[in-house]
Amino acid sequence: MISRYTAEVGTATLTAGLGLAAVVGALEFGIGWGDAGPEPGAFPFYIGLLVVAASVGTLIQATVGRRGLQSVFLHREEAKRVASFFLPMLAFVVVARLLGLYVATALYLSFVMWVQGKYRFVIAVASGIAAAVIFYFVLEVAFQVPLLKGPLEAALGLY
Amino acid sequence: MENFASLLHGFGVALTTYHVMLMMVGVLLGILVGVLPGLGAPNGVSLLLPLTFTMDPVAAIILLTSMYWGALFGGSTTSILFNIPGEPSSVATTFDGYPMARQGHATQALTLAFLSAGFGALVGVILITVLSTWVAKFALRFSSPEYFAVYFLAFASFIGLGAASPFKTVVSMGLGFAFAAVGMDTVSGGLRLTYGFNELLSGISFLIAVIGLFGIGELMLTMEEGLRFDGIRARVKVRDVFKTIATLPRYWVTLLRSAAIGCWMGITPGGPTAASFMSYGLAKRLSRRKDGFGQGEPEGVVAPETADHAAGSSAILPMLALGVPGSATAAVMMGGLMIWGLNPGPMLFVERPDFVWGLIASMYLGNIVAVLMVLATIPLFASILRIPFAIIGPVIVVVCFIGAYTVAGRPFDLWLALAFGVVGYLFKKLDYPIAPLVLAMVLGDKAEDAFRQSMIMSRGSLSIFWSNGLVATLMLIGIALALGPLLSIVLSRLVKPKASSAVA
């Protein structure tokens, strides 16, 4: 169980970190006045500072109003549901990088339908493959947009 | 009159079989993304955009705007039938639309929603027709400092008028600018903020951000809430439709007031969501049947729907005439214009009148097509939501990632989309507004160019932003808006010192 206060502080720290990254990154390119007006780093530098300042503002607001933020941000049950959605999605991206988007689509849809949708294995796999084939025809044939492909497509000669 | 002649010319451009067909396809796709949870107008347009790169710009913008209308209609359908707003801007429609449907007046609620939405959109488009040339002519006098002031004003109004904490709005906006700065610097041509990653050399596309923030983030939120559809069977009876049409003139005051609110919020970047809530609130306060609100009062459907669509369509005006989009979806479309090689802003009216007026004419036609199509296809789309979420959810995920890949064909974008998805989920749960981030990503380079050119003009002195009446007025309004939340806190402390100390 995570409280709203923890979530607020965590997110504000994250945004402050991103702002700081912009500031540090911008310093490398000069933040002063160059031959052609303001140097490339100037704008990101001040934007980064602004993000850091506003994040600190959020942090202060959260700390001052801490008592009002004790409500639950994420229940155990909710966390489980989000994880059961997020983890297969993460796996989908990893597989897509390795085997291409079509294979990943078929695997991902079959897996989710079979495990989480409680469909029969054969139906789930058939639907997954069918969806991948439909995507192939819509994108590569109809719109001529190439997607990320992997070893399977290479073996089938679909380039 | 000059506008009227241009508009007729525009109808000539828009009224071809091919374009009308594109409108129908766009509206259908739009209703689909509007109905599906997790997909809305901004990311529907983002997903479709890469597929239009090879199309003629006029045809492409007709397809995208039609999709926008369809998505707005689809969003209100699910609000009424399922009590699930398909779009943030149709949340206010659930308050009275769902109770009406539960009492067996689904047809009436849907018809009222669609017609008042159509009316709102029409008012928005008429406003664009009348004002656009004038605004564009006015904007031709703008140079860099004025442009920077307009951008500043747009972002300041997010801070001043938004419902979220001003700090969170600034964080969201600033991150958008920072993401926009990654990659090539448009002034010097050098690379910056890539931190040694080759993947970041070509920058971070705003389309990836929209797909992640709106699509994947929204889906995660939907999953967390444990989605359950308790739909109401909708059978649209033709006779009920006509009966409802006959009752519409009764709501003329609400219609006009809501359309006015919508147009105002659409032109200033308040956006459709704020417009629909404001309009609902006002309708409730001013109505003679206050108690009926929340229990199926037809006026409670008419008010938010009219304002929502009036804002949605009038958001196109600042995008076309000034190059400052009034909503997240308009921001995505403006990004599209720039990708097609068009430069939104006053010069567009001079250089490509066929494009501008074809687009405006297509907005009249597109909305008529949308109202007819949505009435005809509602039962079909309502049945989509009866497909189990274990199938629909993952399919939407796949569509989002495929969309992210098609933007530039870069595998790295898949990771970016996932990361933006997580950020979107956190931001939504913690009430960070997302529209400023998207707007900042689209406008980032232009705002920075305007700032740097102003600095070059003035040799580094900020006083250029006060150098003439026009730019000074714009900056002053912007500063007043940005400091608005602060001022109201100070004022309320001063006026009621006892009340605030009691709370603290």
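Start with chain A, where the centres of domain 1 and domain 2, taken over C-alpha atoms, sit 38 Å from each other. Domain 1 covers 2-74 and domain 2 covers 84-156, with bounds that come from an automatic or database domain assignment. Before going further, a word on the ground rules: this is a predicted model, in which local features need pLDDT of at least 70 and side-chain atom pairs count only at pLDDT 80 or more, while totals for chains, interfaces and linings use all residues. Residues are numbered from 1 along each chain as its sequence is written, and chains are lettered from A and ligands numbered from 1 in the order in which they are written.

Now go to A:Met1, which lies in the segment before β1 (2-3) of chain A. Strands here are DSSP runs of E with at least two residues, helices are runs of H or I with at least four, and both are numbered from the N terminus. Is A:Met1 buried or exposed? A:Met1 counts as exposed because it has 10 C-beta neighbours inside 10 Å; the cut-offs are 12 or fewer other C-beta atoms within 10 Å for exposed, 20 or more for buried, and partly exposed in between, with C-beta atoms placed from the backbone. Setting aside neighbours within four places in sequence, A:Met1 still touches A:Val72, A:Leu74, A:His75 and A:Arg76. Contact here means that the C-beta atoms, placed from the backbone, lie within 7 Å. A:Leu69 is 68 residues from A:Met1 in sequence, and their C-alpha atoms are 14 Å apart.

Next, look at where the two chains meet. Chain A puts 54 residues into the contact and chain B puts in 48. On the chain B side, the elements giving two or more residues are α8 (166-181), α9 (206-224), α18 (389-408), α19 (412-429) and α20 (435-458). The largest share of that side, ten residues, belongs to α18(B). By class, the chain B side has 33 nonpolar, eight polar and seven charged residues. Nonpolar means Ala, Val, Leu, Ile, Met, Phe, Trp, Tyr, Cys and Pro; charged means Asp, Glu, Lys and Arg; the others, Gly among them, are polar.

Helix α2 (residues 17-35) packs against helix α4 (residues 57-82) at about 35°, with axes 6 Å apart. Those axes are lines fitted to C-alpha atoms over the stretch in contact, and angles run from 0 to 180 degrees between N-to-C directions. The contact of α2(B) with α4(B) splits into 21 nonpolar, ten polar and no charged residues.

Notes: Two residues are in contact if their C-beta atoms, placed from the backbone, lie within 7 Å.
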